[in-house]
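Me: I would like to learn how to read the features of a protein model. Could we go through one together, step by step?

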Amino acid sequence: MRKKIVAGNWKMNLDYNEGLGVFSEIINMVKDEVTGTQEAVICSPFIHLHSLVQLAKGYTKVSLGAQNAHQAESGAYTGETSAKMIKSTGAAYVILGHSERRQYFGETNELLAKKTDTVLANDLRPIFCIGETLQEREANQHFDIIKSQLVEGVFHLDAAHFSKLVIAYEPVWAIGTGVTASSEQAQEIHAFIRNEIVAKYSQEVADNTTILYGGSCNPKNAPELFAQPDIDGGLIGGASLKSRDFVDIVKVFN
């Protein structure tokens, strides 16, 4: 049975004390209210990671992640953070290939393949993001775009390493816009992704791959989205900055 995950991406929000405050609320709510086997993951700015890991000790349903990692193990890369450094904080996950990284920082599938290798080599789980823009969807290119992101970004991995990944589908046209893909649209893409994994690896690998939906998910639309057979949780942006909203989304899997 594949794992259900709700991952919060705080992006570049919350100063150090604000982050500790929100996270403290989240872990206490999770402890009191989450009754299923789902996992809540908070991907915070780097400044929070070590402290949040310490706060989360003893809370088996809560994990931490970073929002990016450099492809090199170490070196003269001022301002960057390595996978080894992230691992040393006690974090378990790293978001790779988020649409904002692709758009604003020019991250390519080739670069993300290198980052994926480095993150896996440091015993961290990548949350690997894929998805199409509005222009690509309107041109009916969305399936081709998603397939190329998989093939060029992660399908070089053997089955054992691929099985450590979490895939996150982001309809880029639905991020921060207030527009959400319909549950049918989201399910269609998630099923396509799973079928591509079957074709590359096996039905068993595909059945055990967690695929998250990452487009303007909130407490109101999460139940319908998460009821779809191939949607295993969400990568949550704005709603993850509000402890009540985030935990209400996590609770959908109770």
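**Reading the model**

Reply: Start with a loop: Lys11 lies in the loop between β1 and α1. Keep in mind that this is a predicted model.

Me: What is the phi of Lys11, and is the residue buried or exposed, or something in between?

Reply: The general idea comes first. Most residues other than glycine have a negative phi. Lys11 is not a glycine, yet its phi is positive, about 55°. Its relative accessibility is 22%, so Lys11 counts as partly exposed.

Me: Now the whole chain. How many helices and strands does the protein have?

Reply: The secondary structure comes to 12 helices and eight strands. Along the principal axes, the C-alpha atoms fill a box of roughly 45 × 45 × 35 Å.

Me: What percentage of the residues count as buried, and what does the protein expose?

Reply: A residue is called buried when its relative accessible area is under 20%. Of the 254 residues, 54% count as buried. The protein exposes about 11200 Å², and carbon and sulfur atoms supply 51% of that area.

Me: How do contacts relate to distance along the sequence?

Reply: Look at contacts between residues at least 6 apart in sequence: 73% of them join residues at least 24 apart. Tyr213 is found in strand β7 (residues 211-213). At 0% relative accessibility, Tyr213 counts as buried.

Me: Which residues of α12 are buried, and where do they point?

Reply: In α12 the buried residues are Ser243, Phe246, Val247, Ile249 and Val250. Seen down the axis of α12, they fall within an arc of 155°, so they line one face of the helix. The partners they pack against are β1 (5-9), α1 (16-33), β2 (39-43), α11 and β8 (233-236).

Me: How do I read a pair of aromatic rings?

Reply: Two rings pair if their centres lie within 6.5 Å, and planes under 30 degrees apart count as stacked. By this rule there are six aromatic pairs. In one of them, the rings of Phe226 and Phe253 have centres 4.8 Å apart and planes at 5°, so the pair is stacked. Phe226 lies in helix α11 (residues 222-226) and Phe253 in the segment after α12 (243-250), so the pair ties together parts that are 27 residues apart in sequence. Both Phe226 and Phe253 are buried.

Me: What does Phe226 touch, leaving out residues up to four places away in sequence?

Reply: Phe226 touches Val6, Cys217, Ile231, Gly233, Gly234, Ile249, Val252 and Phe253. Its relative accessible area is 6%. The C-alpha atom of Phe226 is separated by 23 Å from that of Phe162, 64 residues away along the chain.

Me: Which residues do ring pairs link into a cluster?

Reply: Ring pairs link Phe155, Phe162 and Tyr201 into a cluster. Phe162 is also one of the residues that Val205 touches, along with Ala159, Ser163 and Ile197, when residues up to four places away in sequence are not counted. Val205 is found in helix α10 (residues 203-207), and at 10% relative accessibility it counts as buried.

Me: Where do charged side chains sit over rings?

Reply: The charged end of Lys200 sits over the ring of Tyr201, 5.9 Å from its centre. Arg101 lies over the face of Phe105, at 4.0 Å from the ring centre.

Technical notes. Residues numbered from 1 in each chain as written. Predicted model: local features only at pLDDT ≥ 70, side-chain atom pairs only at ≥ 80, totals over all residues. Heavy atoms only, no water. Phe/Tyr/Trp six-rings, centres within 6.5 Å; stacked < 30°, edge-to-face > 60°. Helix = DSSP H or I, 4+ residues; strand = E, 2+ residues; numbered from the N terminus. Buried < 20%, exposed > 50% of the residue type's maximum accessible area, 1.4 Å probe, protein only. Lys NZ or Arg CZ within 6 Å of the ring centre and 35° of its normal. Contact = heavy atoms within 4.5 Å. Areas by Shrake-Rupley, 256 points an atom, 1.4 Å probe, with all protein chains shown as cover. Arc of directions from axis to C-beta.
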